[in-house]
Amino acid sequence: MGYTAVHTGWGRLDASLDDLGCGRSWADVHRVKGLELACPECRGRVFARVSPHRARHFYHQVRPPDCALAHESPKHHLLKLELATAARAAGFKAELEVGNEARTWRADVLVLDEQDRPFMALEAQLSPMTPQDARMRTERYAVDGVAVCWVSVEKRPWERGVPSLRVTPPRCRGEAWMVRHGMARYTWAAPRTVRTKAAWRHISCSLEDAVRWILQGRVHSHTGPDGAVWWTAPSYVQLALGRARLEADAEAVV
Ligand SMILES: [Zn+2]
């Protein structure tokens, strides 16, 4: 299942956009006999369909074993749409399932800046990946000037080494996808504790908010002293640096 297809005359179609990104409508492609649509990944024939979750998409009648788009799970499919929707809600142009010319990467969601240049990839990474692969794939994007945010739904061994978010899906319709890990702030202890200690704490927020903060540059990926990476606001980094300096000074005095 993918959100994109290619038509020889119309170009690239994106089922997550009302005009399919090419000035057409869903009625032009859904249940239209004799319409030739191709998968952008394997060039196999695909057809328009609506999923049980009411997401419009394109499917392969016969799934080729080596096409990545043909074998995505429904959860991956929904998370991808959520990421694209969040990027668009934040005011950015976002393209689904698009790769670079050299074919060194294909982003689930590629976000473009005001000059239509890609600057951020949002990756729904639900299948296993080694920490080495995560770093290598992040570097491949970096060669083209594109940053990445990897998004998982479970704790993964790669999440501390690359900019990432761990999220939980909504339990029922109308609920939001929530970030559980990957977005942190530097604070003194939670209220009502007797002893206070300044530390980095991961916060919970909606995925929509997290994507907006990231794309608008309100939070940056920050690497902690132990090599762990998380998203945070520059002011928290300043606060943590100031605190570290203060502690060092205190030790020197003692
Ligand atoms: Zn395909």
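1. Let's start with a cysteine: C39 has a relative accessible area of 2%, so it is buried (buried means under 20% relative accessible area, exposed over 50%, and partly exposed in between, using a 1.4 Å probe and protein chains only). Keep in mind that this is a predicted model, where local features need pLDDT of at least 70, side-chain atom pairs count only at pLDDT 80 or more, and totals for chains, interfaces and linings use all residues. Residues are numbered from 1 along each chain as its sequence is written, and side-chain values use heavy atoms, with hydrogens and water left out.

2. What coordinates the zinc ion? C39 (SG), C42 (SG), H60 (NE2) and C67 (SG) do, at 2.1 to 2.3 Å. Donors here are N, O and S atoms within 2.8 Å of the metal (3.2 Å for Na, K and Ca); water is not among the atoms, so sites may look incomplete. Along the chain, the zinc donors follow the spacing C-x2-C-x17-H-x6-C. C42 sits in the loop between β3 (37-38) and β4 (45-50) while H60 is in strand β5 (residues 56-60), so this pair ties together parts 18 residues apart in sequence.

3. Now the geometry: the angles among the four donor atoms run from 102 to 118 degrees, and the zinc site is tetrahedral (for four donors, all angles must lie between 85 and 135 degrees). The ideal angle for four tetrahedral donors is 109.5 degrees.

4. Just after α1, G91 takes a positive phi of about 95 degrees.

5. Finally, the whole protein: it has four helices and 16 strands (DSSP runs numbered from the N terminus, with helices being H or I of at least four residues and strands E of at least two). Buried residues make up 43% of the 254 residues.

Technical notes
Tetrahedral: all angles 85-135°; square planar, octahedral: opposite > 155°, others 65-115°.
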